[in-house]
Amino acid sequence: MLDDTIIAISTPVGFGGLGIVRLSGKKSLAVAKKIFKPKKRGTKIIPRRPVLGNLYNPEQKDYFEEAFLTYFPKPYTYTREEMIEISCHGSPVILEQIVRLGIKEGARHADPGEFTLRAYLGGRIDILQAEAVNDIIHAASYKQAKISFKQLEGSLSKQVSALRSQIIHLLSQIEARIEFPEDGLRTSTKRTLKTLENVVHSVNRLVESYNLGRTLSEGITLAITGRTNVGKSTLFNSLLEKDRAIVTPHPGTTRDFLRENISIKDSIFTLIDMAGLGSPVHPVEKEGIKRGKKLASQAEGILLLLDASHKETPEDFKLIKRFQDKKVLLLFNKTDLPQKMNTERVKKRAEHTPTLEISALKGTNLKNLKEKIHTLFVPDLAQEEEIILHLRQKLVLEEILDSLIEGQSLLKQGYPEEIYAEEIRKAIPLIGQLTGEIHADDIINDIFSRFCVGK
Ligand SMILES: Nc1nc2c(ncn2[C@@H]2O[C@H](COP(=O)(O)OP(=O)(O)OP(=O)(O)O)[C@@H](O)[C@H]2O)c(=O)[nH]1
Ligand SMILES: [Mg+2]
């Protein structure tokens, strides 16, 4: 499979200032030379230096576009193979023509992610780094992009490899005890247990970091909730800066939920507008409320809206209580109207819940609201902490954790070395699976099928 030469458009589908076609494989330069002619006859193609020329259609014996060609000789390329980049106008018609002609001249159309797959198969990056490539492209926030960049540079791979060394070291200690029980090599069980504890701790931290990783890569879900008519949909629209949800003066306007993304600073949030949590009059409203409650309970954060132009009611307190175990921002809305609500009393009942007075209709305090949403709901990252962004990685790490914990427990119960070493040893191939050193076709296919063609 690695014998052939692949070609694909690497820039997004559509019109653009520039478009890039890439080739990778032995015949890259030969294929490119058939369809690209330097402006100045006889110009030498020097590695890594763009050459200006014209694109040539060998079938019609005609030129059809101006382009830059850059030749990257192996092995210092993205794929570790010979590579060519053709950069021209971002016209889908022209880009597709280049690919078609390239195929005519002996290249094959690349599969999704095949350039990166080749980088992996060529040993330039491991699977963790390949996943990071795709994460950078699809980053939901600047923060996540930076994490992925570090992982592409190998930060996570290094940590995993340190983990493997620790486990191998531990196993060799145990094995020495098995083979030379009488020797001076005897390490105390206590010391083995201590090392094992450290390893368990670091694997566990990685597993737990996935919660944060998921939030960073998928965005943070915020449910806008409250009683009917308090201004949820108005706030939803104001935050989105578009007239997305229907707003009317009648309670029970929103029934189905709406979901839209906004970005605040470096992070993406998914806002959900939903039916007001009141006493339903209509069966549709009832269903809407049921769904709303479920969405609110699953959301990472709650924007709980109260109407400050009305006196507080027992239902308001009930809602505050319902969400007391969640991350809540309490919003007093309609502050442009004469205030009837005793906000101090409500704040007291809401205890430590942060609050803000706004007018969703007039846009008052919305800037502060965005600031507050960011500080409250975006998790803080310690710079040096590694974050897992993929469920796949988390699941393998959990299996590693299981085997280590099982070994730990057998050791504590006084089982012989052979028995608990066996459990700990199970972690080694799992680490190989995590980094892609152990090649499993279905996993590899699954990972690369999520890539764009041309990457
Ligand atoms: N004066 C004033 N009116 C507002 C404000 N926010 C919303 N309203 C009005 O309150 C009414 C209800 O607003 P919606 O945004 O539909 O309220 P909702 O909470 O989505 O209502 P349901 O979907 O029925 O639960 C509309 O007439 C809005 O114009 C505000 O900040 N100030
Ligand atoms: Mg509504």
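1. Over the face of which ring does R349 lie, and at what distance from the ring centre? In this predicted model, R349 lies over the face of F317, at 4.0 Å from the ring centre, and R22 is placed likewise over the face of F115, at 4.7 Å. A charge is taken to sit over a ring if NZ of Lys or CZ of Arg is within 6 Å of the ring centre and within 35 degrees of the ring normal.

2. On conventions, residues are numbered from 1 along each chain as its sequence is written, while chains are lettered from A and ligands numbered from 1 in the order in which they are written. Local features need pLDDT of at least 70 and side-chain atom pairs count only at pLDDT 80 or more, whereas totals for chains, interfaces and linings use all residues, and side-chain values use heavy atoms, with hydrogens and water left out.

3. The domain assignment, which is automatic or comes from a database, gives domain 1 (6–110), domain 2 (132–213 + 390–449) and domain 3 (219–377). The centres of domain 1 and domain 3, taken over C-alpha atoms, are separated by 53 Å.

4. The magnesium ion (ligand 2) has S233 (OG) and T254 (OG1) as its protein donors, at 1.9 to 2.0 Å; donors are N, O and S atoms within 2.8 Å of the metal (3.2 Å for Na, K and Ca), and since water is not among the atoms, sites may look incomplete. S233 belongs to helix α8 (residues 232–240) and T254 to the loop between α8 and β9 (258–264), so the pair ties together parts 21 residues apart in sequence. Helices (H or I, at least four residues) and strands (E, at least two) are DSSP runs numbered from the N terminus. S233 is buried at a relative accessible area of 8%, and T254 is buried at 11%, where buried means under 20%, exposed over 50% and partly exposed in between (1.4 Å probe, protein chains only).

5. The largest nonpolar core has 31 residues, and I167, V203, L397, I400, L404, I424 and L434 have the most contacts inside it. A nonpolar core is a set of buried Ala, Val, Leu, Ile, Met, Phe, Trp, Tyr and Cys residues joined through side-chain atoms within 4.5 Å. Two or more residues come from each of α6 (155–179), α7 (189–218), α13 (391–412), α14 (417–425) and α15 (427–435), with α7 giving the most, eight residues. Leaving out residues up to four places away in sequence, V203 touches L163, L397, I400, L401 and L404, contact being heavy atoms within 4.5 Å. A second, separate core of 26 residues includes L235, A245, L366 and I373.

6. Three aromatic pairs are counted, under a rule by which rings of Phe, Tyr and Trp (its six-membered ring) pair if their centres lie within 6.5 Å, with planes under 30 degrees apart called stacked, over 60 edge-to-face and the rest tilted. The ring centres of Y56 and Y63 are 5.1 Å apart with planes at 55 degrees, so this pair is tilted; Y56 is buried at 17%, whereas Y63 is partly exposed at 45%. Y120, F448 and F451 form one aromatic cluster.

7. F64, in strand β5 (residues 62–72), is partly exposed at 28% relative accessibility, and its contacts beyond four places in sequence are L55, Y56, N57, I94, Q97, I98 and L101. L117, in helix α3 (residues 114–121), counts as buried at 13%; L117 and F451 are 334 residues apart in sequence and 9.8 Å apart in space, C-alpha to C-alpha.
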